Every structure is written in C-alpha cells, then in structure tokens.
Amino acid sequence: MPVGTAVVLPDSEQIQNPGFPPYRPRVSDLDPKKARSNERRIALLFAASMVGSVFAIVAYIVFPINANDPGSIRLNNLFLGLGIALSLLGIGIAAVHWSKALMEGHDLSEERHMTRGSEATRASAAEVFHLGNKESGFTRRKLVRNTLIASLALWPLPGIIIFRDLGPADQDANDVLRHTMWKAGTRLTKDPNGVPIKASDVTLGSVFHVIPEGLDDREDALEQKAKAAVLLMRLKPEDLHVSKGRENWNYHGIVAYSKICTHVGCPVALYEQQTHHLLCPCHQSQFDITHEAEVIFGPAKRPLPQLPITVDSEGYLVARSDFHEPVGPSFWERDHT
Amino acid sequence: MATSVPTSSRRKTGRRSPLASVALLLIGLLATGGAYAAFTTSASASTPASEQAQVSEGKKLFEANCATCHGLGAVGTAGVAPSLVGVGPAAVDFQVGTGRMPMAASGPQAEQKPTQFTNTQIAALAAYVGSLAPGPAIPSADSLKGGNVSTGAELFRVNCAMCHNVAGAGGALTEGKYAPPLTGVTAKHVYEAMVTGPQNMPVFNNLNITPKDKAAIVAYLQYLDSHPSPGGLDLGNLGPVSEGLFVWIFALGAIVVVTIWLTAKPN
C-alpha cells in the first residue's frame, strides 16, 4: 500500500499523452505569393538593421559630445542608442519572423538527456581516480598528502592579513573608527564655508550643518568629515530631557548630534522643528531630539551620539570633548574596548 | 428719494436748484481745505498715518479671518494654532501669499492652495502682525537678485537637499508631512521660508545663511526652473521610485509583449 495522500490512478484510467495537435498549414505554406512577401519583409528588416548600424556611426560623428554642453550628451546618447537599437532589433525581429513564417513549421519534441551517465562511463571515471591514486600514492604516502592539505589551508592567510590592514597606514583601524576630529575646544563651524558659529547665531528652531574647525586644512578632509559631521539645533531648554551626566552637554537648549546614522551611516538631517524628530532618508529611522536622539522608529538600533558643547571666551560654540562613543554604524570590535 | 425728485423736475424746467451754488461752494471749500491739510502734513506724518491705516485694516482682516484659531491679538490658542507675536511680516506674506493660510482643514501640514486675499490685503495683514512685535521683514526685490548659482547649489546640497531633493522636487517626511517641491516657487517665498521656517521647516536665519547666500540659493532654484534636465525626461526627479516604476511598467511590459509574440502560432 502506498503511504500518503496522493491519488494514484490505475494504468487503465491514467490520462494518455494526447500528442501534438494536427498541423495547421500557414498562409505562407499554401500561397507562394504570401511566402514571397514574407521573404521580402524579412529582407527589409535585415536591411533596416544595416541602416541602423550605419546611422549609429553617422550619429556618433554628427552629434559629438561637447565639453560644457550637457545637452550634447543627450543628443549623442539618444541617436547613438536609436541606431544601435534599430540595428539589433532589426536582426532579432527578422530572425524570429523568418522562423515563424518561413522555416519548417511542424511541432517536434526532443527527449531530455539522462542526467546519470551510463554504467560504462561511471566505471571508467572511477577507474581514472583509482589509477590516479595508485600512480601518485595519494592515500599511501600520508605525509605528502597531509602536508599538501595543510599548505592549501594556509595559503589564503596572507591575503586575509593584508585585508585586515587595508585601513589607514600606521593607524589602528579600530582606533580610527572610535575617534573623530573633535576634541576639547574645537570650534563648531558652518558647512561648507568653515565660519565659526556663535551661540547667539543659533536662534530657536534653527538648524546648522556643522563641521569641525580646520577640517578643510586636513589632507583627509572627506574621511574626517564622514565621521565628524554634526547637526546643531536649538530647542527650548524645557523641551530637552537631559539624562544624568549630560547636564552640561547642551548650551541653553543648543544641542549637537552626530549626523551619521547608527544604522548604516547615511547623513541624518531631515529635522522637523515642531516635532523635534530627525528622520534618516535612507531607511526611515527616526530619532527624537528631545529625548537625546533616542530611536522612535526604523531599523537604527542606537541613538545618535551627542557631541558635548559649550562656548569659549569669545562666545563661539566649541566642543567639550570628542564623542563619548563611536559614531555611525556598528563594527566588530565596537563594544570591546 | 428726496433728492432724486427735484433732479428730474430740474431737468424738465432747465433751471438749477437754488441750493446748487451753495453745494458747489461747499465742495470747493472742502476740496481745497482737504488738499491743503493733506499737503501740509505729508512732510511730517503722512507715512505713519497710512501705515497706521494699513495696520488697522490688517487688524480688521485678522480678526475676521485668522483670530478664530490664532486668537484676538494673535496670541495663539493652545493646541490649535501658534502665537503670531514676533513671527514678522515675512511669515504672514509666505503663509497667506502661498495660500497655506487660512488653513482649509487641519491635517499633517497646511497645504498650498490658491491665495484667498489680494496683495493689498496680504500687505495689510503682514503690517498688522509686524506691528505686534519685531520679526523678519519681507525681503526687498533687490535682495533676491544677483546670487551666484554654483554657490547656491553647494549651499542647497548642504542645507536643503536632504528634505527638498537635490533637484528641488520635494520629498516625504514623517507621519504624512512632506517637504514641498520648490519648482516654480517665487524667489520671495523661498527667501521668506528660509528666514521664518514655516511649519516643520527649520529656521535658516541671516547668521546661518547670509542674505547674499540666500540670494544664491534662490538663483540656483531659478536656474533649475529655467534649465530643464539635460538628460531628457526627468520623471519628476524622484530618483529610484519613479525610474523603477517606469522600468517595471514599460520594460517589463515590452518583454511580456515580445514573449507573447514569440510563442504565438503564425497564421
């Protein structure tokens, strides 16, 4: 008795393969005139392809790409593309039309090859391995075999070690991810012109895109900016919920948070000044600035790191220190100091 | 009625009413006196007087159209509408001039719609709100001109593009709010939006983005308006959303059509 719920019909009741439907002659089979017109049509399509190829070459020369004229790129691409499309589509459509209208039209079926090789093939394959083993002594000379396996296991290691050191030269990659350009006394300056910001400039509801002072003097300015970019906002001091230990990190309601999303590092800068929510445009993580940028929606796991700020003797906003935790997305050693 | 009856009878008789010369004399005296008064005071007090008239006109308009939500004296209503004391004429000119105010219905944010007031009325409303407390002024036409397009583009990318899209096509925010597209927005309204920070847009005061830099941003937006995408059809400049949709519909549609044609029996 077969096990399971499948219904198995006895041979007499099984549906027989009905085979192909009877061949229905095409118009080009019956009427030689129609066949000739199809022939002409196919030739015309091939000719269109030739025209397309020539047109593409001509268009490439007639519509060159001129520096300082973006419109010329459009004309060049458009006509070159049209020419190549006509050239390839002409061949393709002609070939399909040829096979459908003129080539032998009877249905036929081809049996699929067996995946399993014949007994003789299988036996001879096994024989090759046995012979190889016998001649090389692979299983007999265990020392040679084992050293071969060990050497194969070891050869990728130099590559892996080199990958580990792809980070900046003579710097610990872990350290690079852990620290930014900010340090005590670094002035907060405007992105992109580097003008320092006075606390009095930051009116309620304002948002400033901030880079550390001296960023543009750095040779690695872009690498540094990718870690040090900061968003500066001013809220009413009573709207902020400041946790213990962070009391002096804001300055009269002016707060600075890392602009690098803790999910995968997009710049988070869509600040809504009434809801005080910060939205990341990449994956819709939302951070609540009134609650120290805690995550209120989306895939980000940690709040945005806060940059402790104060003012210097001239009234300019400065950092109290670097961020107290690594900015941006997680990395392997992040939680092991 | 009392005056129209003698008028018709006068026309018939062809004689002037005995009171006509008296009336004419009175009109002449009043006109001369009035003109004299107007001309002699114009040197010292005519501008404040007309401003005062504008403010009181604005106050009337405000009380009739805005005070339901924003309260008498524009002090605001808790949980309904903010106080307008100190928002400045620029905020009024932006909100009313773009039709966002008066709001048609409460929702995630005030929608742009056809303006409901004439320019004179908007100016009066702005003057009234401006008279309550100092605030950002409506920019002069000169301050909107002569910006450097490439400076503007850089500032736009840093400060605006994350919400408004690098091509100014706008974008979604949270909970139904959105940053509106900036195509076709007048230079004045763009400037006012930066200065006042309408709704959830942050404020970009003149110490953050200087007036010259604001003019540059305006110049960049005007450049975008007058120079259509060099790549041809821009599909709303929405990036992968509209481009992906286009590919799904037209490219996959073409593949389906070709597949049907390939497998169809020839006749």
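Two strands pair if DSSP finds at least two bridges between them, and strands here are DSSP runs of E with at least two residues, while helices are runs of H or I with at least four, both numbered from the N terminus. With that in hand, Tyr257(A) stands opposite Gln306(A) in β9(A). This is a predicted model, in which local features need pLDDT of at least 70, side-chain atom pairs count only at pLDDT 80 or more, and totals for chains, interfaces and linings use all residues. Residues are numbered from 1 along each chain as its sequence is written, and side-chain values use heavy atoms, leaving out hydrogens and water.

**The sheet in chain A**
- An open sheet of 5 strands has the order β1-β2-β3-β4-β9 (chain A), with antiparallel pairing.
- Its edge strands, β1 (188-190) and β9 (306-307) of chain A, each pair on one side only.
- Strand β4 (residues 254-258) of chain A is joined to β9(A) by 2 bridges.

**Two helices in chain B**
- The axes (lines fitted to C-alpha atoms over the stretch in contact) of α6 (residues 149-159) and α9 (residues 211-226) of chain B come within 7 Å and cross at roughly 95°, on a scale from 0 to 180 degrees between N-to-C directions.
- Therefore α6(B) is roughly perpendicular to α9(B) (65 to 115 degrees).

**Where the chains meet**
- Contact (heavy atoms within 4.5 Å) takes 32 residues from chain A and 32 residues from chain B.
- Glu272(A) forms a salt bridge (a side-chain nitrogen of Lys or Arg within 4 Å of a carboxyl oxygen of Asp or Glu) with Lys177(B), and their closest N and O atoms are 3.3 Å apart.
- The count between chain A and chain B is 2 salt bridges.

Definitions and conventions
Chains lettered and ligands numbered in written order. Parallel < 35°, antiparallel > 145°, perpendicular 65-115°, else oblique.
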